[in-house]
Structure formats: C-alpha cells, structure tokens
Amino acid sequence: MIFKTIDKKDFNKFLEILIENNSFFAPQKIAKDKNNKPIYDLRLVNDFKEIDFNYDILKYPPRRFFLPYREAISSFEIKNSSWQQNINYETKVPRILLGLHPCDINSLNKLDKVLMLGDYPSPYYTIRRKNTFIIGMDCDPKPFCFCRSVGTHTVQHGCDMFLIDIGDRYFIEIFSNVAFDFLKKVTTKDITKKDDDEYKRIRRLKAEKFTAKIDVTDLTKILDMEFQSDVWKEWGDKCLGCGSCARVCPTCYCYGIEEKIDLKFQQAEKLKILHACTLIDFAEVAGGFNFRPERHIRLKYRYYHKHRGFVEAYEESLCVGCGRCGEACLAGITVPEVISSIRE
Amino acid sequence: MQYLGVELIKPKAAFFDFSCCEGCQLQIANNENKLLDFISLVEVVNFREILTERNNDYDIAFIEGSITRKDEIDRLKKIREKAKILVAFGTCASFGGINKLKNKFKDIEWVKKEVYGNCPIETNDKVMAVNEVVKVDFYIYGCPVNKSEVEAIVQSIALGREFRYLKHPVCFRCKEKQNICLYEMGKICMGPLTRAGCGARCPSNGNSCIGCRGPAEEPNIEFMKTIMIKNGFTERQIRDKFELFSAFKE
C-alpha cells in the first residue's frame, strides 16, 4: 500500500483535472427533509465547486452505476423474414465516482464476487466496474451504521484511492496504479510520523463513535435454529411488502426479465429489472403459483440470504451494515433489531 | 399481421362512457405518436372521441365511468350481452371512483340539492362500480389509466398471451426513481398500499400518491394506518386518502 498526503487546495486542482476529462459524479445536496436536514446523493458535476464535502451519507447506494434498476440486456429487430439481435456492453465514457464510504466500496466487492468473479460473470456489470474510477472517502459513523459488526468499516480493496480528512490535507491510500499515475499531475507529499499519528488518532476516534451493532457470532447456526420462530411472524405483521429495503440496499442483485415488444411488432427488448424478495410477486411463477405468498416468510428469506446463505457460500455476510434499509423502512424494521430479536 | 410466426388477433373494440370525465378515453386519443399503431392492434368500432361512425358489432367493450342512473344500468347490461370481453376501464369503472363519494352521505336529498340546485336530474341514490351491475372480465386501473399499460394490455390480447399486473405497491417504483420518500418530507402518501404500474408519477413530482389505482395485492393496511398516525397525520387526513376513490375496503 502506498500512502501520500495532499493539501486540500491541491486536491481541488486534482478534481478539476478529473472533472474536465471524465463523467464525474460526486455528493451534492439533493433535497431537505421535513426537519430541514439536507439529503445528499451522487450527481453529475461539472465544476468542483458543486461538490458538497459536508455530506453525511449518500441517500441511494452507488450500486446503480454498475447494476442499474432496469436495463435492456438485448434488443431484437425483425427484418423481412430474418431478425437481428443487438447487444451493447459498452460504457460511453470512463466514469469517476467520488465520495463512496467504506460500506459502499465493500458492497461492490461483494457484488464482484457474484457478478464478476463467479462462475457466470456478467459482462454488463464487469465492463462498468472496470471503467469506473472510485475515490472513496472516510466517514463519521451515524446512529444507524453497523458496518463495524460485519467488517465493512475499512477498505482493503475495491476502489482506486481512499481519502481520510486530516485537517488541512487528506491522507491518501492509493490502491491502483491508475490512481498513482493520476496523482502525478499534482503535488503530493510523502507521509510523516505526524501524519501516521494523526491517522491512528482519527481511526481510534471513529471506532468509538459506533453505536448500532449486530452480533454475528454463530449467526448462521442461530438462524437455522430459529427458522420456525414466531418472531418472523411479528416482523411480518409490520412489513409493508413494498420492497423499499431492496431498492436502497447496496448489495441486492436479484432480478426479473421482461420482454417489451414495440406496438408495430417489429422490435423487442429484453429488460432486466431488479426485483425485491419482499414483494408479493417475487416468487410467483408461470401459471400463477406463488412459492412465498406470506409476507413474514418473504421477509425471513431476505434475512436468510443476507446473513446465512451468502455467508455459507462466500464466508462473509451480504449485508454491509450501511443501515439504509432500516432508514427507508416506514415500518421501522431495522437489521440490528431483527437480528437481536432472533438471537434472544 | 404476424409476430414470430404467430398470427395476431385483431379484436373489434368499442369504448363506452358512463358517468365520468372521459379522461381515460382521452389518454388513448391524445397519445398522438402511437395512436395509429394502437388502432392497428384493435379494430375500433365505437369511440366517441376519435370516431364518427358507430357500430355495435364488437368483441371487447371498454367501459369507462361509474353507474349512477337507471338508464345506465340498462345500457350496460345490453353491452354485456354483446361483448365477449368486458373491461372496466379506469378507476371509476373499477371502483366507483370520485363519483362514489356520494354514497358516504346519509341525506341523499341534500346531496342532490347541493349539486344540482334548482335543476334536478334523475340520478340513483347509490353510485356503483361496473362489477356491481355486470360481470367484469378485466380491470384497467388508474385515474386516468396509464397509456403504456393500456398498450401493453391490448398488445397481450393481440398476442393471445396473459397480461400480468404488477401486484406490489407504488413504493417499489418510486424508489427506482430515487425519489425521497414523501413521509421524510412530512407528507402523507398512499404509495405503500397502492398498486404499482403508474411509474410512481405523482410522488416523482412531489405529490402524494392518492391511491387511484386501488390496493396492491394483500396490502398491509392495518399497520400502514398505525404508521400514518405515528407520523402525525390525523384520522381525517387518513380517511380522506382512503376514501377518495372508494378503492380501499372500509
């Protein structure tokens, strides 16, 4: 690992260079909630002044840049007696995402395992992942963050560079040679003993700020034992079956396929649409049979995929502890509460 | 016309308006760039807004509006006898819609006086949805109906394939558009209970979902009411939302 520091004004210069030549997404204020608290998310920026470095969290996960909610994976055109298929894997321009927190970077690492490094890699996902340059940023744990419990509060890989704010400058962890080469365009400094100490001090402070947590000790086994537990029914009575949790989840990748035919019957598209396991029509099959007609069972399987099935397959949880699902859930179903109710 | 070697079915379709604003039919008529393609899928034999000729030989009858007068009951029953498939077209036809608010009043004579004043007209005491009068084979929800959904449904008919409604709530589509939840903005919204398929048009434009498409399948109404109360909305505000189209069970 290569460490450097960069003065903030030099970093701004660095951003200007990147913004000019790339499609650049960074945190911006997008709305205010009923208490006048600003809400932030990634948006296209044309000038570094548009970037809001005071953002707390990104409202929606960056998953959409790699795994869109809906995409045409193939299109067909009928020409006379023949037909032609068109598939487009390409990304238009290299993309840069600034401001991803460790949970979001780790969510991409988990998606990589399924969609890029597994037995059936997705060319659609892979090309976007390879063509996106990611600048991660350190964060302040919020009351709903439990990433530390699932080991996603630090970044080992998955981004090109990672920034930690140490006052008037950033401490940079450089992960890729692309980032290393880019940084040659501006002035960076080698780290000093003072920087090391500051890094360690900030790390200590951050660790103390976590309040939410889940206990993952032997969780797969406990979930096995509690498969028939009445607790699921209680959560199911609250669940609205609206799928908001899956929409804001940085790691949900389940999808359905729909065929869309144009009104002239000359063209068609195969659409891949991300689905959600809590929806009533998730497990409905041809003929109308529904494998999971009950709300509490659908909710239960959501937890089993994240905290049991994925752990058995990949030796890590599919949940990154970002807490977005709990924040988005009108019924107030949060991961820490569900997991602790199962453990009791 | 064929698609993938399968001959398309081109049914004769007739549109009939009952008590309504005719806004649902207008959604078809004002869909200018696709209207010609649409009418190539079905042979329209009766459609007041786009066609002068009338023909009473049809396979599919699209019924728009709710049933509020005696003559409407007779007319609807005659249409049912002729049509192979009868479609409730829009929220008024499917649930009764706005018109059905009339049924909430105890003193119907007061309502008639308030609305029609000194120009009384013959009207039933109770407004009915189409399925309270005749058997309905298919429903197309929405106030007004969603053009692209109507197209998809008519296309399914042409292909002889089953059309599958979305059964989940509007929230799912709303979040796809990366909207900020209206509850977070301090507004009441029927999105968590209402059937998706509208593209979450209202919440995407900052307006609460008013539930025009009726309930999603197995909506969690009970707990959603608790959530609405917890978010500080009054019984009155909640009732207004639930009762507007008579689409949600009491």
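Which residue in S3(A) is the bridge partner of Ala26(A)? The partner is Arg43(A). Before going on, please note that this is a predicted model, in which local features need pLDDT of at least 70, side-chain atom pairs count only at pLDDT 80 or more, and totals for chains, interfaces and linings use all residues. Residues are numbered from 1 along each chain as its sequence is written, while chains are lettered from A and ligands numbered from 1 in the order in which they are written.

Now back to the strands. Helices (H or I, at least four residues) and strands (E, at least two) are DSSP runs, numbered from the N terminus, and two strands pair if DSSP finds at least two bridges between them. Strand S2 of chain A covers residues 23-32, and strand S3 of chain A covers residues 38-44. S2(A) and S3(A) run antiparallel and are joined by seven bridges. Their hairpin has five residues between the strands, and there Asn36(A) takes a positive phi near 70°. S2(A) also pairs with strand S6 (residues 95-100) of chain A, this time parallel, through three bridges. One example is Ser23(A), whose bridge partner in S6(A) is Arg95(A).

Let us step back to the domains. Chain A is divided into domain 1 (2-62 + 89-209) and domain 2 (219-254 + 276-343), with bounds that come from an automatic or database domain assignment. Their C-alpha centres lie 28 Å apart. Each domain gives 18 residues to the contact between them, where two residues are in contact if their C-beta atoms, placed from the backbone, lie within 7 Å. On the side of domain 1, these are 11 nonpolar, four polar and three charged residues. Here Ala, Val, Leu, Ile, Met, Phe, Trp, Tyr, Cys and Pro count as nonpolar, Asp, Glu, Lys and Arg as charged, and the others, Gly among them, as polar.

Next comes the meeting of two chains: 29 residues of chain A are in contact with 30 residues of chain B. On the chain A side, helix H7 (231-238) and helix H8 (244-248) are the elements that give two or more residues. H8(A) has the largest share, three residues. This side divides into 17 nonpolar, three polar and nine charged residues.

Finally, look for Phe291(A), in the loop between strand S12 (267-274) and helix H9 (295-314) of chain A. Phe291(A) counts as exposed because 11 other C-beta atoms lie within 10 Å, and the cut-off for exposed is 12 or fewer (20 or more is buried, in between is partly exposed, with C-beta atoms placed from the backbone).
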